[in-house]
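Open the structure in your viewer and keep the sequence beside it. The tour below goes from one selection to the next and says what is found at each stop.

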Amino acid sequence: TYVVTDACIACKYTDCVEVCPVDCFYEGENFLAIKPDECIDCGVCEPECPVEAIKPDTEDPDGKWTELNAKYAEQWPNITKAKPALPEADAMADVENKLETHFS
Ligand code: SF4
Ligand code: F3S
């Protein structure tokens, strides 16, 4: 499966949701999650994200993002249409470790 990682937090550009053939993105306040049992591992979303937040779970060695995506995809509503990025997206794009400071 593919997973959404730190760079998405407080940005949420949503380009990714437009290309997913199985509509497996779920939307939180300032982050998106991919539902692992729906993702067909096609990889189409990965290059769409302007901040490179989407990665294969093989690049999540400790499983932190895999676990987080699975958990929140169960709780949040599905999103299939792009919408404007969060107002602070461009300013937040290069900030690191946003999970600790900006996740909500
Ligand atoms: Fe959707 Fe493919 Fe991305 Fe999985 S890898 S979330 S199926 S676009
Ligand atoms: Fe997030 Fe990138 Fe999609 S910022 S909403 S993973 S396009």
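Predicted model: local features only at pLDDT ≥ 70, side-chain atom pairs only at ≥ 80, totals over all residues.

Residues are numbered from 1 along each chain as its sequence is written, and chains are lettered from A and ligands numbered from 1 in the order in which they are written.

**Stop 1: the two ligands**

Select ligand 1 and the residues around it. The shell has 13 residues, and the nearest are Tyr-2, Cys-20, Cys-39, Cys-42 and Cys-45. A residue is near a molecule if its C-beta atom, placed from the backbone, lies within 6 Å of it. By class, this shell holds 11 nonpolar residues, 1 polar and 1 charged. Here Ala, Val, Leu, Ile, Met, Phe, Trp, Tyr, Cys and Pro count as nonpolar, Asp, Glu, Lys and Arg as charged, and the others, Gly among them, as polar.

Now select ligand 2. It is surrounded by 14 residues, of which Cys-8, Tyr-13, Cys-16, Cys-49 and Ala-53 are the closest. The shell around ligand 2 divides into 10 nonpolar, 1 polar and 3 charged residues.

**Stop 2: the largest nonpolar core**

Which residues of the largest nonpolar core touch the most other members? They are Val-4, Cys-8, Cys-11, Cys-16, Phe-25, Leu-32 and Ile-34, out of 29 residues in this core. Two or more residues of the core come from each of strand E1 (2-4), helix H1 (15-19), strand E2 (25-27), strand E3 (32-34) and helix H2 (64-75). Such a core is a set of buried Ala, Val, Leu, Ile, Met, Phe, Trp, Tyr and Cys residues joined through C-beta atoms within 7 Å. A residue is buried if 20 or more other C-beta atoms lie within 10 Å of its own, exposed if 12 or fewer, and partly exposed in between, with C-beta atoms placed from the backbone. Helices (H or I, at least four residues) and strands (E, at least two) are DSSP runs, numbered from the N terminus.

Pick out Leu-32, which is in strand E3. Leu-32 is buried because 26 other C-beta atoms lie within 10 Å. Beyond four places in sequence, its contacts include Val-4, Cys-8, Phe-25 and Ile-79. Two residues are in contact if their C-beta atoms, placed from the backbone, lie within 7 Å.

**Stop 3: helix H2**

Select H2. Its 12 residues should span 16 Å at 1.5 Å a residue, and its end C-alpha atoms are 17 Å apart, which agrees. The expected span is 1.5 Å times one less than the number of residues.

Next, colour the buried residues of H2, which are Trp-65, Thr-66, Asn-69 and Ala-73. They are on the same side of H2, because they cover an arc of only 105 degrees around the axis. The arc is that of the directions from the helix axis to the C-beta atoms. These buried residues pack against E1, E2 and E3. Turn to the other side of H2, where Lys-71, Glu-74 and Gln-75 are exposed.

**Stop 4: two ends of the chain numbering**

Select Thr-1, in the segment before E1. Thr-1 and Thr-66 are 65 residues apart along the chain, and their C-alpha atoms are separated by 8.5 Å. Then select Asp-57, in the loop between E4 and H2. Leaving aside residues up to four places away in sequence, Asp-57 touches Thr-1, Tyr-2, Val-3 and Thr-66.

Go on to Met-92, in helix H3 (residues 89-92). Met-92 is buried, with 20 other C-beta atoms within 10 Å. Its C-alpha atom is separated by 9.1 Å from that of Cys-8, 84 residues apart along the chain.

**Stop 5: two positive phi angles**

Most residues other than glycine have a negative phi. Select Lys-12, in the loop between E1 and H1: its phi is positive, near 50 degrees. Lys-12 counts as buried, with 23 C-beta neighbours inside 10 Å.

Finish at Glu-52, in the loop between E3 and strand E4 (54-56). Glu-52 has a positive phi of about 55 degrees. Is Glu-52 buried or partly exposed? With 13 C-beta neighbours inside 10 Å, Glu-52 counts as partly exposed.
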